[in-house]
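Hi,

Here is the structure I promised to send over.

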Amino acid sequence: MEKSVNSFLDCVKEEFGLEKKEAKQYSPLTLAYIGDGVYDLIVRTVLVELANQPVKILHRKASSIVKAESQARLIHEIMDSLTEEELAVYKRGRNAKSATSAKNASITDYRTATGLEALMGYLYMENNMERAVTLVKEGLVRLGEWKEK
């Protein structure tokens with residue numbers, strides 16, 4: 001598979017004239033904010049590529065995977081695969097004090113999911129989407145949500 005010269009992130013930054021920053025410069029909740037979208041995009045991409053289904057069905061499947069409870073289960077499954085740096089990012093996100101609270105999840109699951117989202121955001125901002133996708137796939141396989149091919 002041929003890789004593009006610029007990543008999506010590089011393309012956005014270049015097109016909008018944004019400065020390049022290190023991922024460590026962002027707060028854990030900012031990383032979680034972007035990471036929520038990154039995780040959602042990975043899941044939606046997989047679901048759409050699997051089958052051209054009605055949007056209602058796709059949404060239902062995606063929602064079951066991206067909800068806080070499922071994210072918390074996923075991060076526990078991949079914890080032993082994280083590098084020290086990734087684990088530190090996860091913990092910073094998990095321990096960050098958020099002004100918002102969980103609507104449909106326990107506070108523990110909500111914070112754990114925030115840690116996963118911070119990790120996804122960190123990997124994205126580090127231009128390491130390959131690692132983000134690998135970790136999501138590993139977690140989904142271990143949870144039985146995805147069969148290894």
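The largest cavity has a volume of about 40 Å³. Keep in mind that this is a predicted model. With a cut-off of 30 Å³ or more, the count is one cavity.

So what lines the largest cavity? You'll find Tyr-39, Ser-64, Ile-65, Ser-70, Leu-74, Leu-140, Leu-143 and Glu-145 around it. Sorted by class, that lining has five nonpolar residues, two polar ones and one charged one. Three helices each give at least two residues to the lining: H3 (55-66), H4 (68-78) and H7 (129-143).

The other thing I looked at is a helix pair. Helix H5 covers residues 84-95 and helix H6 covers residues 107-125; they pack with their axes 7 Å apart, at an angle of about 130°. Are H5 and H6 parallel, antiparallel, perpendicular or oblique to each other? An angle over 145 degrees would count as roughly antiparallel, and 65 to 115 as roughly perpendicular, so H5 and H6 come out as oblique. Their crossing is right-handed.

If you want to click through the contact, start on the H5 side with Glu-85, Glu-86, Val-89, Tyr-90, Gly-93 and Arg-94. On the H6 side, they meet Arg-111, Thr-112, Thr-114, Gly-115, Leu-116, Ala-118, Leu-119, Tyr-122 and Leu-123. By class, the H5 and H6 contact is made up of seven nonpolar, four polar and four charged residues.

Cheers

Conventions. Residues numbered from 1 in each chain as written. Predicted model: local features only at pLDDT ≥ 70, side-chain atom pairs only at ≥ 80, totals over all residues. Heavy atoms only, no water. 1 Å grid on protein atoms, 1.4 Å probe; cavity = no way out; pocket = protein on both sides within 12 Å on 5 of 7 lines; lining within 4 Å. Points joined across faces, edges and corners; volume = space filled by probe spheres on them. Helix = DSSP H or I, 4+ residues; strand = E, 2+ residues; numbered from the N terminus. Nonpolar A, V, L, I, M, F, W, Y, C, P; charged D, E, K, R; others polar. Axes fitted to C-alpha atoms, helices over the stretch in contact; angles between N-to-C directions. Parallel < 35°, antiparallel > 145°, perpendicular 65-115°, else oblique. Left-handed = near helix turned anticlockwise from the far one by under 90°. Contact = heavy atoms within 4.5 Å.
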